[in-house]
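Thanks for passing this one along.

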Amino acid sequence: MPPSDHPAGPGPASAGPAGSTPTTVGTPTVLSASAGPNTSGPLTADAPTTGEPLLVATGLRKTYRAGRGLGSSSRVHAVDGVDLTVAAGETLGVVGESGCGKSTLARLLVGLERPDSGQVRFAGLDVGTARGTRRRELRRAVQMVFQDPVTSLNPRMPILDVVAEPLDVHKLARGAVARRDRVAELLEMVGLAPDMMRRFPHEFSGGQRQRIGIARALATEPRVVVCDEPVSALDVSVQAQVVNLLAELQQRLGIALVFIAHDLGVVRHVSHRVAVMYLGRLAELGPAGTVYQDPAHPYTRALLGSVPVRHPRERGRERIVLAGDPPSPVDPPSGCRFHTRCPIAQDICARETPALLVPEGDAPSVAGERVAACHFAGTPVTPGRE
Amino acid sequence: MTSGVTSSRRSPDADLPAALRVRDLDVTFTGRRGTVPAVRGVDLDIAAGEVLVLLGESGSGKSVTARAVMGLLDPGGVQVRSAQTVVAGHDLTAADPEQVRKLRGKTMALVFQDALSALNPVLSIGDQLGEVFRIHRGLSRRAARAEAAELLRLVGIPAPDRRVRDYPHQFSGGMRQRILIAMAVALGPRLLIADEPTTALDVTVQAQILQLVDRLRTELGMGVLLITHDLGVAAEIADRVAVMYAGRIVETGTVAEVLDGPAHPYTAALLRSVPDLAQPGDRLRPIPGSPPNLLALPSGCAFHPRCDRATEECTVTRPQRRALAVPGRSAACHHAEEAVDAPV
């Protein structure tokens, strides 16, 4: 699955809102790109018209109360103004250091958390305000795969019931036979033998448990699956099996994946587009190849420069090594949040928050596909990388 | 793996005794469900100032090996045996637990993966670091705290004189890992064992920690046994690599040799299953199946059910680890010679 020429991959417009000018992302015009709120028809039916994003997040903000102290008024700014889109059938990778808000973003996208402001729209419907049947349909259409395959499965349920639970909730299987047949089908889909359905989670290895987690997510025939660190808990030799499985399933079923991970190599491998997060905001967003080969944001460059070398002969390569840790999201820096660690920061960076824009130096061939939130996006950093 | 000690690569430390020499280490756990051969026949050689990366997946026996060397395995239900264990000239082969205890901290030290649970939450960092000096050197509280601040400076913690008063929860994950490393190197050990020291950390912080370990081994001339499952960490810092599978070392060599021409099919398969940032390929080539259950190891070579080179012989006869043509290289595979020459 070479990300560059995936047939279901998004068009150039998907880096920014379709139909708007290619220079900004996150303006209200993003809403006009998606269908109106009164779209009818089942959400799990055909893909929307080409180019229209399936999932649209606008101005997402989420804060949590920090600390345990009574009356503590400080808040963690977990996600602070994120705009992004996910097209049908594409994989959007999300990378960033721990605490950057990746997991909160995942939970917002599937509706497990309500944003403080901003909204998530799925096929034109506001995920936050949908009620009744609509709400259940949204729940069906957007599913999640969790990091830890052990704790995300009920240890006292046989696999049959684990996988069938979403079928029961959404009344998708009538009668015990149909239920069992559907579970068998799902298990086969993820590469497990159907006769394993009588066993319990502890009888499976880590990789098999994650397959069960994926089968469960697929039970409702979702259009979007948000995977939060799906392979981080797995052994190296097993990670690749699960990564390949997700890629295969995507091609077969045409689902969109949001793939959140801290492993930059795995994200590069599975993603069509990649979003780089720093302290609750997007630093850069664009096609995986562009972001990885020609990063525009100094944070993206530093992040990629931290990836261990592939071979000892590369040890001497020049790279930006970030000093220290990310600042606390309780009291994030002013202006550009990266300015406290940035090797090219100027005065303006502490004062003004940079907008997500197409970097000036981007070649026409990629222009419009990639955006970065940096006053000096694309400016070479000395010492330059490689 | 015979030439590690005599390797001339690190000539400045040639006069120092080897940091570690282990021969034929076996560790066996006895539990309700049976006898677990956690470690079998492990040999290790680490010269002063050298970094040996012990590479393997969970359950391969890497951490148990480290704890056995440190004498940290609880005697109940565990049998540790070796033909020889020498740490920086101290023969521990037949040493009693008290003798081993005395070497911990001063001669050999261990850095754990989980820095938060390895630190005492109710003691300030200065007290915890200073304890080392109070106990081993009989320093006063004030002098010990000053030494502690010096250590924090050594491992790159900003404003060390102020931060010695802080408590573990006031530090980030990367800083806590630095503090653990500071604690481990406090008394200038000859052998530092680091068990997955960067696994819980972000890549940006991992890069800092690996740089720190690399700097300290040069400055202090320590031998380092670094345990990881991450090939990138090995490529980044290792002089030599030992690959473990199902309790045994299956391959050894310099890091370049092992990455360029893995002699064991397991190592080769691991290399293929990791996505390459530089060449995002079509599909990853995973290793089929999962790591074996030590309670029911496959016959012959433990890797044969997952191996693409397995032949009849592999299912029957367990391959002994043997020296290969290149000095210092060894592999436990009937087909090691074919494997080395095959493209990765």
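1. Let me start with one residue. B:L180 sits in helix α7 (residues 173-185) of chain B; helices here are DSSP runs of H or I of at least four residues, strands are runs of E of at least two, and both are numbered from the N terminus. B:L180 counts as buried, because it has 25 C-beta neighbours inside 10 Å. The cut-offs are these: a residue is buried with 20 or more other C-beta atoms within 10 Å of its own, exposed with 12 or fewer, and partly exposed in between, the C-beta atoms being placed from the backbone.

2. Before going further, a word on the source. This is a predicted model, in which local features need pLDDT of at least 70 and side-chain atom pairs count only at pLDDT 80 or more, while totals for chains, interfaces and linings use all residues. Residues are numbered from 1 along each chain as its sequence is written, and chains are lettered from A and ligands numbered from 1 in the order in which they are written.

3. What does B:L180 touch, leaving aside residues up to four places away in sequence? The partners are B:V111, B:F112, B:A115 and B:A118, where a contact means C-beta atoms, placed from the backbone, within 7 Å. B:A109 is 71 residues from B:L180 in sequence, yet their C-alpha atoms are 10 Å apart in space.

4. In general, two packed helices are described by the angle between their axes and the distance between the axes. Helix α4 (residues 125-137) of chain B meets α7(B) at an angle of about 20 degrees, with the axes 9 Å apart. Axes are lines fitted to C-alpha atoms, for helices over the stretch in contact, and angles run from 0 to 180 degrees between N-to-C directions. The pair α4(B) and α7(B) is therefore roughly parallel; under 35 degrees counts as roughly parallel, over 145 as roughly antiparallel, 65 to 115 as roughly perpendicular and the rest as oblique.

5. The crossing of α4(B) and α7(B) is right-handed, a term used when the near helix is turned clockwise from the far one by less than a right angle, with left-handed for anticlockwise. From α4(B) come B:I125, B:Q128, B:L129 and B:V132, and from α7(B) come B:I179, B:A182 and B:M183. By class, this contact has six nonpolar residues, one polar and no charged. Nonpolar covers Ala, Val, Leu, Ile, Met, Phe, Trp, Tyr, Cys and Pro, charged covers Asp, Glu, Lys and Arg, and the others, Gly among them, are polar.

6. Two alanines in chain B deserve a look at their backbone. B:A88 has a positive phi near 45 degrees without being a glycine, and B:A159, also not a glycine, has a positive phi of about 50 degrees. B:A88 lies in the loop between β5 (84-87) and β6 (90-91) of chain B, and B:A159 in the loop between α5 (141-154) and α6 (160-163) of chain B. Are they buried or exposed? B:A88 is buried, with 21 other C-beta atoms within 10 Å, whereas B:A159 counts as exposed, with 11.

7. Now for chain A, which has eleven helices and eleven strands. Of its 386 residues, 52% count as buried. In chain A, helix α4 (residues 159-169) and helix α5 (residues 176-189) have axes that come within 10 Å and cross at roughly 110 degrees. That makes α4(A) roughly perpendicular to α5(A). Their contact divides into seven nonpolar, no polar and three charged residues.

8. Finally, the two chains together. The contact takes 37 residues from chain B and 35 residues from chain A. Of the chain B side, α8(B) gives the largest share, seven residues. That side has 19 nonpolar, eleven polar and seven charged residues. The contact involves A:V236, A:S237 and A:A240 of α7(A) and B:A269, B:L270 and B:S273 of α11(B).

Key:
Contact = placed C-beta atoms within 7 Å.
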